Amino acid sequence: MPKCFSLTATKNRCLKSSFSSRGLRSTVTDLKDGTIMHCWVPKTRKSTRPDLVLIHGFGANSMWQWSETVRILSRHFNVYVPDLVFFGDSYTTRPDRSESFQAECVKRVMEANSVVKMSVVGLSYGGFVAYNMAAQYKDCVEKVVICCAGVCLEEKDLQEGLFAVNSVEDAANILLPQTAEQMRELMGYTFVKAPAKVLPSCLLTDFIDEMFTDYVKEKKELLLAIAKDRKLSDLPKITQPTLIVWGDQDKIFPLELGHRLKRFISPNGHLGENAQLVVIKNTGHAFLYEKPAKFHKPLKSFLLASTKSQNQT
């Protein structure tokens with residue numbers, strides 16, 4: 001029997017209305033190579049404002065992840081919120097599953113919207129994509145924000161016990177829940193105080209039906225591509241001013257990876273460093289939901305500060 005009402009679908013409609021009220025409109029770009037990209041873009045791009053790209057992670061769609069950030073930053077930036085390939089209304093017939101490919105697709109969407117210079121903010125998986133954009137398009141990406149993204153992980157970290165799981169397959173089963181109990185497990189990993197404990201199974205199932213049933217196989221392939229043969233020595237260095245944000249109790253990507261990334265970008269410590277790390281206390285991977293004010297204050301400050309003043313601090 002089909003559902004007559006979906007709370008998640010209703011929330012989606014409310015978020016679409018909210019994005020529209022913040023001056024954004026929904027667009028679809030055909031990249032002409034078998035790839036279709038959906039992106040929220042400004043209805044009217046203002047030349048006096050810098051351009052900002054918000055890149056989502058696994059989990060709820062980009063609207064759910066960035067709604068509060070859009071509310072706060074759309075007054076200061078031309079904000080672009082793409083759906084990555086195999087999320088939302090974006091997909092491809094190409095076999096590439098790398099974060100480098102995702103970065104290329106986002107960059108091409110920005111080109112289609114006449115965006116030349118931009119700052120990028122990447123959340124979790126989106127942080128991998130944002131980092132690759134900064135590495136691949138150094139002349140285009142001006143500032144980078146990496147949020148709880150294990151960019152510096154190595155394949156051996158799984159076997160050496162850095163993570164709560166010891167295989168990417170186990171991680172995929174957690175990050176792509178198909179039952180209410182699996183959804184509770186995921187929220188237990190991402191929140192310090194998991195709300196799923198008090199939510200009825202019917203609401204969790206409704207959320208799964210709306211958010212986690214499309215492109216499951218392809219999303220697992222995206223996760224497998226992250227860790228396969230990954231070595232820190234192969235990671236390109238980025239030189240843009242970089243803000244790294246982490247929850248101190250993150251169980252998906254432990255805080256050690258945040259410190260590792262800062263050391264990798266700025267190996268000489270405070271001498272000429274271009275990366276800063278903000279640790280949000282008593283929160284986990286989902287700090288964007290748990291403590292949004294603690295995230296948005298340093299984010300806004302970093303993005304609005306001039307590059308010159310940042311280099312002098």
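Start at the second largest pocket: select N12, N61, G88, D89 and E210, which lie nearest its centre among the 22 residues that line it. A pocket here is an open set of points on a 1 Å grid over the protein atoms alone, with protein on both sides within 12 Å along at least five of seven lines, and lining residues have an atom within 4 Å of a point. Its volume is about 430 Å³, taken as the space filled by probe spheres set on the points. Colour the lining by class and you get eight nonpolar, seven polar and seven charged residues.

Before moving on, note that this is a predicted model: local features need pLDDT of at least 70, side-chain atom pairs count only at pLDDT 80 or more, and totals for chains, interfaces and linings use all residues. Numbering runs from 1 along each chain as its sequence is written, and side-chain values use heavy atoms, with hydrogens and water left out.

Next, show α1, α2, α8 and β2, the elements that give two or more residues to the lining of the second largest pocket. Helices (H or I, at least four residues) and strands (E, at least two) are DSSP runs, numbered from the N terminus. α1 gives the most to this lining, with four residues.

Now go to the largest pocket, at about 1100 Å³. Select F58, G59, A60, L186 and T190, which lie nearest its centre, out of 50 lining residues. Which element gives the most to the lining of the largest pocket? Again it's α1, with six residues. By class, this lining has 37 nonpolar, 10 polar and three charged residues.

F58 sits in the loop between β3 and α2 and Y125 in helix α4, so the pair ties together parts 67 residues apart in sequence. F58 is buried at 14% relative accessible area, and Y125 is buried at 2%; buried means under 20% (1.4 Å probe, protein chains only).

Last stop: K11 and W64. The charged end of K11 sits over the ring of W64, 5.9 Å from its centre. That calls for NZ of Lys or CZ of Arg within 6 Å of the ring centre and within 35 degrees of the ring normal.

Notes:
Buried means under 20% relative accessible area, exposed over 50%, partly exposed in between (1.4 Å probe, protein chains only). On a 1 Å grid over the protein atoms alone, a cavity is a set of points where a 1.4 Å probe fits but cannot get out, and a pocket is an open set with protein on both sides within 12 Å along at least five of seven lines; lining residues have an atom within 4 Å of a point. Ala, Val, Leu, Ile, Met, Phe, Trp, Tyr, Cys and Pro count as nonpolar, Asp, Glu, Lys and Arg as charged, and the others, Gly among them, as polar.
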